[in-house]
Amino acid sequence: MATRPPRQTMTERCPACEAETDHEVSLELRTESTKAENARYSREPYRITRCLRCGERRSQRMNNA
């Protein structure tokens, strides 16, 4: 289960476009455990970006940033 807040737009480098482009940016809580009894304790924040020029999507686990 993922919780998704409203998205925001930011300008950042897109590796696919090789340029500074506008990106849709959001944070998402992802459940990483496959065991039901641990799922509520295994949520991790991810930064999700999508290039508005080419559509490339990327995610980065924020605890590993």
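## Arg58 and its salt-bridge partners

Arg58 is partly exposed, with a relative accessible area of 31%; here buried means under 20% relative accessible area, exposed over 50%, and partly exposed in between, using a 1.4 Å probe and protein chains only. Its side chain forms a salt bridge with Glu12, and the closest N and O atoms are 3.8 Å apart. Arg58 lies in strand β4 and Glu12 in strand β1 (residues 8–14), so this pair ties together parts that are 46 residues apart in sequence. A salt bridge in this report is a side-chain nitrogen of Lys or Arg within 4 Å of a carboxyl oxygen of Asp or Glu. Glu12 itself is buried, at a relative accessible area of 15%.

This is a predicted model, in which local features need pLDDT of at least 70 and side-chain atom pairs count only at pLDDT 80 or more, while totals for chains, interfaces and linings use all residues. Residues are numbered from 1 along each chain as its sequence is written, and side-chain values use heavy atoms, with hydrogens and water left out.

## Other charged pairs

The count of salt bridges comes to six. One of them joins Glu28 and Arg30, at 2.7 Å from N to O. Glu28 is buried, with a relative accessible area of 10%, whereas Arg30 is partly exposed at 27%.

Glu32 and Arg61 also meet through their side chains, at 3.2 Å from N to O. This pair links distant parts of the chain, with Glu32 in the loop between β2 and α1 and Arg61 in strand β4, 29 residues apart. Both are partly exposed: Glu32 has 37% relative accessibility and Arg61 has 24%. Salt bridges that share partners also join Glu12, Arg47 and Arg58 into one network.

## Strands and their pairing

Now for the fold itself. The protein chain holds one helix and four strands, in the order β-β-α-β-β from the N terminus on. These elements are DSSP runs numbered from the N terminus: helices are H or I with at least four residues, and strands are E with at least two. Strands β2 (residues 19–31) and β3 (residues 43–51) run antiparallel and are joined by nine bridges; two strands pair if DSSP finds at least two bridges between them. Within this pairing, Val25 stands opposite Thr49 in β3.

β3 also pairs with β4 (residues 57–61) in the antiparallel sense, over five bridges. Ile48 has Ser59 in β4 as its bridge partner. The hairpin of β3 and β4 has five residues between the strands, and Gly55 takes a positive phi near 90° there.

## Thr21 and the chain as a whole

Which residues does Thr21 touch, leaving aside its neighbours within four places in sequence? They are Met10, Thr11, Glu12, Cys14, Cys51 and Arg53, where contact means heavy atoms within 4.5 Å. Thr21 sits in β2 and is buried, with a relative accessible area of 5%. Across the protein chain, 20% of the 65 residues count as buried. Among contacts between residues at least 6 apart in sequence, 37% join residues at least 24 apart.

Finally, a word on confidence. pLDDT is the predictor's confidence in each residue, from 0 to 100. The protein chain averages 86, and 86% of the residues score at least 70. Confidence is lowest in helix α1 (residues 36–39), at a mean of 77, and highest in β4, at 95.
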